[in-house]
Amino acid sequence: MLDDAERVVPFTGAGISTESGIPDFRSPGGLWTTTQPIPFDLFLSSREMRDESWRRRFAMEDYFCKAKPTRGHLALASLYRAGKSPGVITQNIDNLHQAAGMPHEAVIELHGNTTFATCLDCAKRYELAFIRKRFEETGGRAPDCDCGGPIKTATVSFGQAMPEDAMLRAKAWAEDCDLFLAIGSSLVVWPAAAFPLHARKNGARLVIINREATEFDEIADLVIRNDIGDVLSPLIAH
């Protein structure tokens, strides 16, 4: 299918990053089964929730700092460099596709990026090292921007609007490909889960690579329930 395809669009979820040591929050036993995520409206309305949000982020810092691109990330970067793919659509926030060699503009981040922060009022960018220093100096208080606005990791929280530009670009890519690869995604988070359907309805072949069954398996041309790194590693250009 890869050989036959002229335009391949990969769509990645948490499963592609677990090999790097970043946990899959949604799976049984994952973080979200024991710790409920903080909705966006609570982040905005509660100083305590903003403090807790940043405490959780820094508690996860070792996972994100130590994580290196997996064989899956490297394979998709090779696919991009070979001219077979315009890039990747990802639900992940870990920046590992960029670390694998994909340029920022070739990575459509549907849920944002956790490796830096922004002010929700003026959109000023902040690096996490600076935020952590202020957080620790104030005894665990969430920092505010110079403009007075709340600072948040550049991710999309529950209840927060999806990035319109990213959604439009992803839909256009899905509708314009002839092979769509859904990799390591449970395909249960909407509206992101609609992209495989957009691709399929526009005549693309659909391949799902995921350890667990998904609701879209029955409409896929190929379903592979195997280790993502093992499946994709032959694509890595040496």
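The structure is a predicted model. Its chain contains 10 helices and 9 strands. The radius of gyration is 18 Å, close to the 18 Å that the globule rule gives for 238 residues, so the chain is as compact as a globular protein of that length.

**Overall dimensions and packing**

- Along the principal axes, the C-alpha atoms fill a box of roughly 55 × 35 × 30 Å.
- Of the 238 residues in the chain, 47% are buried.
- Among contacts with a separation of 6 or more, 66% are made by residues 24 or more positions apart.
- The chain exposes about 11,700 Å², of which carbon and sulfur atoms supply 51%.

**T12 in strand β1**

- T12 belongs to strand β1, which spans residues 8-12.
- With a relative accessibility of 0%, T12 counts as buried because the cut-off for that class is under 20%.
- The side chain of T12 makes a polar contact of 2.9 Å with the side chain of H97.
- Beyond its neighbours within four places in sequence, T12 is in contact with L76, V88, I89, T90, Q91, N92, H97 and I183.

**Helix α5**

- Helix α5 covers residues 71-81, and its buried residues are G72, H73, A75, L76, A77, S78 and L79.
- One of these buried residues, L76, is also in contact with T12.
- After α5 comes G83, which has a positive phi near 80 degrees.

**Helix α7**

- In helix α7 (residues 128-137), the buried residues are L128, I131 and F135.
- These three residues lie on the same side of α7, because they cover an arc of only 60 degrees around the axis.
- An α-helix has 3.6 residues a turn, so residues three or four places apart point the same way.
- The other side of α7 carries the exposed residues A129, K133, E136 and E137.
- Packing partners of the buried residues of α7 are the helices α3 (47-59) and α4 (61-66), together with the strands β4 (112-119), β5 (125-127) and β6 (151-155).

**G139 after helix α7**

- G139 follows α7 and has a positive phi, near 70 degrees.
- The loop that holds G139 runs between α7 and β6.
- G139 is exposed, because its relative accessible area of 68% is over the 50% cut-off.
- A distance of 25 Å separates the C-alpha atoms of G139 and K66, which are 73 residues apart along the chain.

**Aromatic pairs**

- The structure holds 6 aromatic pairs.
- One of them joins Y126 and F130 in a stacked arrangement, with 5.8 Å centre to centre and 15 degrees between the planes.
- Y126 is buried, with a relative accessible area of 5%, whereas F130 counts as partly exposed at 40% relative accessibility.
- F11, F180 and F195 form one aromatic cluster.

Technical notes: Residues numbered from 1 in each chain as written. Heavy atoms only, no water. Helix = DSSP H or I, 4+ residues; strand = E, 2+ residues; numbered from the N terminus. Buried < 20%, exposed > 50% of the residue type's maximum accessible area, 1.4 Å probe, protein only. Polar contact = N/O pair within 3.5 Å; in protein donor to acceptor, adjacent residues only side chain to side chain. Contact = heavy atoms within 4.5 Å. Arc of directions from axis to C-beta. Rg over C-alpha atoms; globule rule 2.2 N^0.38 Å. Areas by Shrake-Rupley, 256 points an atom, 1.4 Å probe, with all protein chains shown as cover. Phe/Tyr/Trp six-rings, centres within 6.5 Å; stacked < 30°, edge-to-face > 60°.
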